[in-house]
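Let us read a fold step by step.

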Amino acid sequence: MNEISGSKTLHRLMYRSHFTIPRADLDEAITSIISTSIRNNRQVAITGLLLVYEDDCIQALEGPAEAVLTTYGRICNDPRHETPIVISAGPVTAREFGDWNMCARRLTPADDAILKTLGAHGTLDPARLDGRKALRLLKSIRGIQERTQLQAMR
Ligand code: FAD
C-alpha cells in the first residue's frame, strides 16, 4: 500500500442522511449517538462533527482510512436514520475537527442569525451541498461551537 491509499492515511468522509425518529425525540437520540460516538471514535482516532438540521444531518468523519470506512459502515446500518449519501471522501493532509471525537450541533429554522451567517438565507438544503460547500458549512459550525464553548467557560 502506498502513502496515499494506505489504510492509516488520514481520510475525511462527509455524508448526509435523514433521521427516521420523531423530531420530538431527536435531542435524546443525538445525546445517545454522541456519547456512543465519543467512546468508539476515541479508540480508533476518529474526529468529526455532526450537524443536525430539522430531520437531516451532515457528518464529517476524519481519521485513518480503515477506521473511517468501518465506522461509516456501522453508521449506515443504524435504523435511526436512512438513505446516507456520501458527499465527499478521500485523503486529507490535516484534520479540521481535531478537537472532538464527535460533537453535535442542532440547528432549526429558528436559528435565523446563524443560518444567515452561513449564507443559507434562513433555510438549509443538505441535498444541494457539494463537498466544498459542506466542508465550509461544517467549518462555520465548528467556529460557532468553539465560540459557544469559550463563552460557557467564562
Ligand atoms: P451500541 O451503542 O451499544 O448499540 C448496539 C446496537 O444498537 C447498534 O447496532 C446500534 O445501531 C443500535 N442502537 C443503539 N441505540 C439505538 C436506538 N435508540 N434505536 C435503534 N437502534 C439503536 N457511531 C460511532 O461509533 N461513531 C460515530 O461517529 C457515529 N455517528 C453516528 C451518526 C449518526 C447520524 C447516527 C444515526 C449514528 C452514529 N453512530 C456513530 C452510531 C452508530 O450507528 C452505531 O450505533 C454505533 O457505532 C454502535 O456502537 P456500539 O457497537 O458501541 O453499540
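**Reading the sheet, the helices and the cores**

Q: Where do I start: are Tyr15 and Tyr72 buried or exposed?

A: Buried means under 20% relative accessible area, exposed over 50%, and partly exposed in between (1.4 Å probe, protein chains only). Both Tyr15 and Tyr72 are buried. A note on the source: this is a predicted model, local features need pLDDT of at least 70, side-chain atom pairs count only at pLDDT 80 or more, and totals for chains, interfaces and linings use all residues. Residues are numbered from 1 along each chain as its sequence is written, and side-chain values use heavy atoms, with hydrogens and water left out.

Q: How many aromatic pairs does the structure hold?

A: Rings of Phe, Tyr and Trp (its six-membered ring) pair if their centres lie within 6.5 Å; planes under 30 degrees apart count as stacked, over 60 as edge-to-face, and the rest as tilted. The structure holds 1 aromatic pair. The ring centres of Tyr15 and Tyr72 are 5.2 Å apart and the planes stand at 50°, so the pair is tilted. Tyr15 sits in strand β1 and Tyr72 in helix α2, 57 residues apart, so distant parts of the chain are linked.

Q: In what order do the strands form the sheet?

A: Strands of a sheet pair through backbone hydrogen bonds, either parallel or antiparallel. Here helices (H or I, at least four residues) and strands (E, at least two) are DSSP runs, numbered from the N terminus. Two strands pair if DSSP finds at least two bridges between them. The 5 strands form an open sheet, β4-β1-β3-β2-β5, with mixed pairing. β4 (81–91) and β5 (104–107) stand at the edges with a single partner strand each, so one side of each has no neighbour in the sheet.

Q: Which strands pair with β2?

A: β2 (residues 47–53) pairs with β5 in the parallel sense, over 4 bridges. Tyr53 has Leu107 as its bridge partner in β5. β2 and β3 run antiparallel, joined by 7 bridges. There, Gly48 has Leu61 as its bridge partner. The hairpin of β2 and β3 has 2 residues between the strands, and Glu54 takes a positive phi near 50°.

Q: Why is β2 described as largely enclosed?

A: 7 of the 7 residues of β2 are buried, so the rest of the structure largely encloses the strand. Thr47, Leu49, Leu51 and Tyr53 point one way, while Gly48, Leu50 and Val52 point the other way.

Q: Which strands does helix α1 touch as it packs on the sheet?

A: Contact means heavy atoms within 4.5 Å. Helix α1 (residues 26–43) touches β1 (10–19), β2 and β5. The buried residues of α1 include Leu26, Ile33 and Asn41. Just after α1, Ala45 takes a positive phi of about 60°.

Q: Which residues have the most contacts inside the largest nonpolar core?

A: In soluble globular proteins, nonpolar side chains tend to be buried together. A nonpolar core is a set of buried Ala, Val, Leu, Ile, Met, Phe, Trp, Tyr and Cys residues joined through side-chain atoms within 4.5 Å. The largest one has 21 residues, and Leu51 and Leu138 have the most contacts inside it. β2, β3, α3 (112–117) and α4 (131–153) each give two or more residues to this core. α4 gives the most, with 6 residues. Apart from this core lies another, of 17 residues, among them Tyr15, Ile33, Ala67 and Ile75.

How values were computed: Axes are lines fitted to C-alpha atoms, for helices over the stretch in contact, and angles run from 0 to 180 degrees between N-to-C directions.
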